[in-house]
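Please open the model in your viewer and keep the selection panel at hand.

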Amino acid sequence: MERALDGYRPPLLRTRHPLVHASPSNFIIFGEICVGKSSVINLIAGKRLATVHSSAMACTLESAEYQLRLPASDSRPGFEYDINIYDTPGLNDPSMNNAHYLDTVTKAHELIISLENKGGIHGLLYCIRGGRISDTVQRNY
């Protein structure tokens, strides 16, 4: 298997110029309320960008875009990666009524449509609370 990949470089990495930045890749992070979606963004960024709370109240009420430049790595020296991560509200907030739920789903749909004009969606990151997968998670996601 290793031989088949000799010399292969994904299109994003094909360049002759060091530190060339391709179009940013777009990632959406989603999951239940208070599972740490914003904390994961801060972890990836290596600094505090997204607001986090230790309480059981929702922090992210609207989708939020975070633009990051990931540094070159030992395996790919000379290449930095620009990414956009979109933090989204959790859908199972106990205080969420039907109108608020539908509004949140509509906004998520609008985010997905808007990313078609920004190069598409390159990945989805689904966050869940450690332990077992609840009935609510299975139903909603």
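Begin with the largest nonpolar core of this predicted model, and select its 9 residues, namely Ile-29, Val-35, Ile-41, Ala-50, Tyr-66, Leu-68, Ile-83, Ile-85 and Cys-127. If you then colour by secondary structure, you will find that strands β2 (64-70) and β3 (81-87) each supply at least two residues of this core.

Next, centre the view on Ile-83, which is one of the core residues. Once its neighbours within four places in sequence are set aside, Ile-83 is in contact with Pro-24, Ser-25, Phe-27 and Ile-44, and also with Tyr-66, Gln-67, Leu-68 and Leu-70.

From here, turn to the charged side chains. Side chains of opposite charge can pair when their charged atoms come close. The structure holds 5 salt bridges, and the next stops visit some of them.

Select Lys-107 together with Glu-62, whose side chains meet in a salt bridge with an N to O distance of 2.7 Å. Lys-107 lies in helix α2 (residues 98-116), while Glu-62 sits in the loop between α1 (37-45) and β2, so the pair ties together parts that are 45 residues apart in sequence. With a relative accessible area of 28%, Lys-107 is partly exposed, and Glu-62, at 44%, is likewise partly exposed.

Move on to Glu-65 and Lys-118, which form a salt bridge whose closest N and O atoms are 3.9 Å apart. This pair links distant parts of the chain, with Glu-65 in strand β2 and Lys-118 in the loop between α2 and β4 (123-127), 53 residues apart. Glu-65 counts as partly exposed at 35% relative accessibility, and Lys-118 is partly exposed with a relative accessible area of 45%.

For the last stop, select Arg-69 and Asp-82, and display the salt bridge in which their side chains meet, at 2.7 Å from N to O. Arg-69 belongs to strand β2 and Asp-82 to strand β3, so that the pair links distant parts of the chain, 13 residues apart. Which of the two partners is buried, with a relative accessible area of 16%? Asp-82 is the buried one, because its 16% falls under the 20% cut-off, whereas Arg-69, at 47% relative accessibility, counts as partly exposed.

Notes: Residues are numbered from 1 along each chain as its sequence is written. This is a predicted model: local features need pLDDT of at least 70, side-chain atom pairs count only at pLDDT 80 or more; totals for chains, interfaces and linings use all residues. Side-chain values use heavy atoms; hydrogens and water are left out. A nonpolar core is a set of buried Ala, Val, Leu, Ile, Met, Phe, Trp, Tyr and Cys residues joined through side-chain atoms within 4.5 Å. Buried means under 20% relative accessible area, exposed over 50%, partly exposed in between (1.4 Å probe, protein chains only). Helices (H or I, at least four residues) and strands (E, at least two) are DSSP runs, numbered from the N terminus. Contact means heavy atoms within 4.5 Å. A salt bridge is a side-chain nitrogen of Lys or Arg within 4 Å of a carboxyl oxygen of Asp or Glu.
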